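Try each task before reading its solution.

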Amino acid sequence: MRSLALLYSSFAAAVLIATLSPAHAQTSPDAGQIAYNNACRTCHSIKEGDNRLGPSLYGIVGKKAGTVSG
Ligand code: HEC
């Protein structure tokens with residue numbers, strides 16, 4: 001499981017870098033969307049209440065972790 005956690009956090013880091021880097025955002029505004037499609041959509045949906053393998057990421061920013069039941 002440790003290697004999965006490592007893989008998971010490196011994906012998340014890649015998304016954060018793609019999303020937060022202003023230079024990157026200028027050349028490819030959809031970098032966050034592409035990273036999401038590639039790395040997160042397998043297990044997550046961004047529709048409210050649509051929980052798949054992982055919980056829905058709807059309204060995830062500012063939400064308290066671990067509050068989705070299921
Ligand atoms: C292999 C399937 C899988 C992939 C791929 C995946 N996740 Fe997850 N994610 C999960 C699972 C399962 C949970 C729930 C973990 C728990 O509750 O212990 C979760 C939880 C989360 C949470 C916390 C949600 C909450 O309300 O607590 C966030 C945020 C999240 N993932 C973001 C992402 C992002 C961003 C990506 C893409 C970079 C991603 N995940 C890719 C399976 C995945």
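**Exercise 1.** In which segment does L57 lie?

Solution. Keep in mind that this is a predicted model. Find helix 3, which covers residues 31–39. L57 lies in the segment after helix 3.

**Exercise 2.** Is L57 buried or exposed?

Solution. Start with the cut-off: a residue is buried if 20 or more other C-beta atoms lie within 10 Å of its own. Then take the count for L57: 20 other C-beta atoms lie within 10 Å. L57 is therefore buried.

**Exercise 3.** Which residues does L57 touch, not counting residues up to four places away in sequence?

Solution. L57 then touches H44 and I46. Next, take a C-alpha distance. L57 and C40 are 17 residues apart in sequence. In space, their C-alpha atoms are 9.7 Å apart.

**Exercise 4.** Classify Y58: what does its count of C-beta neighbours inside 10 Å make it?

Solution. First place the residue: Y58 is found in the segment after helix 3. Now count. Y58 has 15 C-beta neighbours inside 10 Å. Buried needs 20 or more, exposed needs 12 or fewer, and partly exposed is in between. Y58 therefore counts as partly exposed.

**Exercise 5.** With which residues is Y58 in contact, leaving aside its neighbours within four places in sequence?

Solution. The contacts of Y58 are I46, K47 and E48.

**Exercise 6.** How many helices and strands does the chain have?

Solution. Count the elements: three helices and zero strands. Read them along the sequence, and the pattern is α-α-α. Then turn to burial. The chain has 70 residues, and 3% of them count as buried. Finish with contacts at a separation of 6 or more: 8% of these join residues 24 or more positions apart.

**Exercise 7.** Where in the chain is confidence lowest, and where is it highest?

Solution. Now compare elements. Confidence is lowest in helix 2, residues 22–27, at a mean of 52. Confidence is highest in helix 3, at 83.

Key. Residues numbered from 1 in each chain as written. Predicted model: local features only at pLDDT ≥ 70, side-chain atom pairs only at ≥ 80, totals over all residues. Helix = DSSP H or I, 4+ residues; strand = E, 2+ residues; numbered from the N terminus. Contact = placed C-beta atoms within 7 Å. pLDDT = per-residue confidence, 0-100.
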